[in-house]
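Have the sequence and the 3D view side by side.

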Amino acid sequence: MLDYNIFMASLPDQWTLTTALLIVSIIFICLHTLRSNRSSMAAPKLPPGPTNLPVIGNLHQILGKPRHESLWQLSKEYGPVMRIFIGSKQFLIISSAAMAKEILKTQDHIFCSREFFQATKRLTYNFVDIAFSPHSSHWREMRKLFVSEFMGPKRAKLSRHVLVTEMESVIRSLSSHAPSNTTEVNISDMCLEIVKQTVCKVAFGDNYRTQPSKGPSWDVMLTETMELLNGSVGDSFPLLGFFIDWFSGWNRKLNDGFRNLDAYIDMIIDDHLKHNTGEEIREEDKDFLHTVLDMSSKENDSGYRVNHADIKALVMDILTGGIDTTVVTLVWAMSEIIRNPRVMHKLQSEIRSCTGRIQKVDELDTTKMAYLKMVVKETMRLHTPAPLLIPHVSVSDTQVAGYDVFPGTAVLLNAWGIARDPTTWGDNATEFYPERFKDQDGDFGRDRFEMLPFGGGRRSCPAMNTAPANIEFVIATLLYWFDWELPSGIKCEDLNMENGGTLVVGKKTPLYLVPTKHKWED
Ligand code: HEM
C-alpha cells in the first residue's frame with residue numbers, strides 16, 4: 001500500500017498549484033495575443049486593386065497610355081484609394097479630391113516624405129535638395145532658405161524686372177518679322193527661352209549662357225536631366241534593378257547625364273566664387289547663388305549651415321523644378337487660346353481695355369485682369385503640368401479610408417484625373433471653359449483639393465504664388481502686342497494636343513503660330 005504521506009508529499013501544495021495555474025494562464029494569454037496579433041498582421045486590410053502578375057505587377061495595365069490616364073481608368077473600377085504594383089514596387093493611388101485632402105491635409109504629417117530612386121539620389125547629391133529630400137530637419141532648413149531667399153520680395157522685384165526686359169526683347173524680335181504675316185514662330189522654343197533667361201538670371205546672373213566646355217548644349221542637358229528624373233525600369237525591381245539598369249545602358253546614361261550637369265553647376269559656382277574674391281558686390285546686385293554662397297560661411301539662427309553639396313542640389317532643383325513646369329503651362333495656355341477663338345477674343349479685349357495704349361511692357365498691369373487669371377487656372381486644370389505630382393511617401397503606420405498603410409508606402413496623387421473629375425467639374429469637365437472659375441477665389445483648390453497643379457501640404461510647390469503671376473504676364477504681353485493665328489492650312493480642331501513626358505507633361509509636338517502686330521483703331 002502506498003504510504004499516504006509519501007503520496008501527499010508527491011502532490012503539489014496549494015501554493016505551487018496556484019503558481020502553476022497562473023503561469024499556464026499567462027502563457028496561454030501570451031500565445032493567444034501573439035496568435036491574434038499574428039493573424040491581424042498576416043491579414044491587414046489592404047486597398048483594392050487589380051490582380052498583379054509575378055515580376056511585372058500591374059505594368060501591363062498601365063503601359064501604352066500616359067501613366068496618369070491608365071491609373072485614372074483603373075481607379076474607376078477600384079475606387080479612389082487603390083493599390084498598384086509597378087514591377088515589384090507597391091504604390092497607393094489616390095484619385096479623388098476627398099482622398100487627396102486626407103493625404104495632403106489631414107495626414108500631411110504622415111505623407112510628407114519622398115521616394116528613393118537611383119537617379120534622384122545621384123542628381124540631388126544624395127537627396128540633399130528640397131524636392132526629393134526625405135522629410136527631415138535638413139529639408140526644413142533648405143526649404144526655409146529657398147522660400148526666404150528665392151521667393152522673397154527682393155527676388156520677386158528682380159524677377160519682374162528681368163521678365164520685363166525679356167519680354168521687351170521678344171516683342172522687338174517678333175515685330176521685326178510679324179508684319180509679313182507669314183512667318184511661323186516656334187512658340188515652344190520661344191517660351192523656353194523666356195523662362196530659362198528669367199529663372200537663370202535671377203538665380204545665377206548671366207553665367208548660364210556659357211556652355212560647359214565639353215558635353216551637350218544647355219537645352220539638351222536639361223532635357224536629359226528631366227528624362228533621368230522620370231526614373232528607370234530598375235527602380236521598379238528593387239532586387240534585379242541594378243542589373244536591368246546596367247544591361248539596358250541606363251546606368252551609363254545616368255553617369256553621363258550627371259557628369260554633364262555637375263560640370264555645368266561647378267562652372268557656375270566657380271564663376272561666382274571668383275567674383276566673391278574680387279571687389280565687393282553690392283547687396284542689390286547679388287543673385288541668389290551669391291547670397292547662398294555667402295550663407296555657407298556662417299550658421300543661421302537655428303545653427304544650420306549650407307555646404308557645397310547642398311548648394312549644388314539647390315541649383316539642380318531650380319533648373320529642374322522651375323523651368324519645364326512653367327514652359328509647358330505657357331505652351332498649353334497658348335494652344336488652348338488659339339484653339340478657342342471665343343476665349344482669345346474675350347481675353348485680348350480684357351487685356352487691351354484694362355491697359356489702354358501703352359508703349360512699354362512695364363506699364364502692363366495684370367493684377368486687374370480677372371479673365372486672364374481664369375484662363376491660366378483653366379489651363380492648369382486641364383493640363384496639370386505634373387499629373388502625378390512628385391510621389392509622397394508615408395513615414396509611419398496609418399489608415400486611409402479604413403485601409404492599412406505601412407511606413408515607406410509611395411503615394412501617387414492623380415492630380416490630372418482629380419482636376420477632370422466630372423463629379424466635381426460637371427459634364428463639361430474635359431472642355432476648356434475658363435468661365436467655370438468666375439465665382440471662385442484664386443486659391444488653386446488649395447482648400448478644396450479639386451485641382452492640385454502645385455501639390456499640397458508641406459511638400460507643395462514653393463512657387464505656387466509667384467509662378468502663375470509670371471505666366472499671366474507673359475501671356476498678357478504676347479496677346480496685347482500681337483494677334484495670333486495658326487499656320488495656314490491648319491484648323492483649330494486639327495491642332496495636335498497629344499501629351500509628351502512623364503514627370504512633367506507638355507505638348508508632344510512644338511506649337512507654331514503666326515503673329516501679326518496689333519493695329520489700334522484711331
Ligand atoms: C507652373 C509652374 C510650376 C508648377 C506647375 C509646379 C509644380 C510643382 C509640383 C506639382 C510639385 C510637387 C508638389 C507635391 O509633391 O505635393 C512641386 C514642388 C516643387 N517645386 Fe514647383 N512648380 C512650378 C514652378 C516652380 C518654380 C518656378 C520653382 C523654383 C524655381 C519650383 C520649385 C519647386 C520645389 C523646390 C519643389 C519641392 C517642394 C518640396 O518637396 O518641399 N517650382 N512643384
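This is a predicted model: local features need pLDDT of at least 70, side-chain atom pairs count only at pLDDT 80 or more; totals for chains, interfaces and linings use all residues.

Start with helix α5. Its residues Ala97, Met99, Ala100, Lys101, Glu102, Ile103 and Leu104 are buried.

Now step back to the whole protein. It has 20 helices and 12 strands. Its chain has 522 residues, and 39% of them count as buried. Look also at who touches whom. Among contacts with a separation of 6 or more, 73% join residues 24 or more positions apart.

Next, see how helices pack. Two packed helices are described by the angle between their axes and the distance between the axes. Take helix α8, residues 153-177, and helix α20, residues 466-481. The crossing of α8 past α20 is right-handed.

Which residues of α8 and α20 meet? From α8 come Ala156, Leu163, Met167 and Ile171. From α20 come Thr466, Asn470, Phe473, Val474, Thr477 and Trp481. This contact between α8 and α20 holds 7 nonpolar residues, 3 polar ones and no charged ones. Check the spacing along each helix as you look. An α-helix has 3.6 residues a turn, so residues three or four places apart point the same way.

Helix α20 has another partner. That is helix α15, residues 324-339, whose axis comes within 10 Å of the α20 axis. The two cross at roughly 40 degrees. That angle makes α15 oblique to α20. Here, too, the crossing is described: α15 passes α20 in a right-handed way. On the α15 side, the contact is made by Thr326, Thr329, Leu330 and Ala333. On the α20 side, it is made by Ala467, Asn470, Ile471, Val474 and Ile475. By class, the contact of α15 with α20 has 6 nonpolar residues, 3 polar and no charged.

Now move to the loop between α19 and α20, where Cys461 sits. An unreviewed UniProt entry annotates Cys461 as "binding site". Is Cys461 buried or exposed? Cys461 has 22 other C-beta atoms within 10 Å, so it is buried. Setting aside residues up to four places away in sequence, Cys461 touches Phe454 and Gly455.

Compare that with Glu299, in the loop between α13 and α14. Glu299 has 10 other C-beta atoms within 10 Å, so it is exposed. Beyond its neighbours within four places in sequence, Glu299 contacts Tyr304 and Arg305.

Finish with the backbone. Most residues other than glycine have a negative phi, and most peptide bonds are trans. Asn126 is not a glycine, yet its phi is positive, at about 70 degrees. Phe127 also has a positive phi, near 60 degrees. Asn126 lies in the loop between α6 and α7, and Phe127 is found in the loop between α6 and α7 as well. How are these two placed? Asn126 has 12 C-beta neighbours inside 10 Å and so counts as exposed. Phe127 has 20 C-beta neighbours inside 10 Å and so counts as buried.

Notes. Residues are numbered from 1 along each chain as its sequence is written. Axes are lines fitted to C-alpha atoms, for helices over the stretch in contact, and angles run from 0 to 180 degrees between N-to-C directions. Helices (H or I, at least four residues) and strands (E, at least two) are DSSP runs, numbered from the N terminus. A crossing is left-handed if the near helix is turned anticlockwise from the far one by less than a right angle, and right-handed if clockwise. Two residues are in contact if their C-beta atoms, placed from the backbone, lie within 7 Å. Ala, Val, Leu, Ile, Met, Phe, Trp, Tyr, Cys and Pro count as nonpolar, Asp, Glu, Lys and Arg as charged, and the others, Gly among them, as polar. UniProt positions are given in the numbering used here, feature names are shortened, and annotations may be inferred rather than shown by experiment. Angles under 35 degrees count as roughly parallel, over 145 as roughly antiparallel, 65 to 115 as roughly perpendicular and the rest as oblique.
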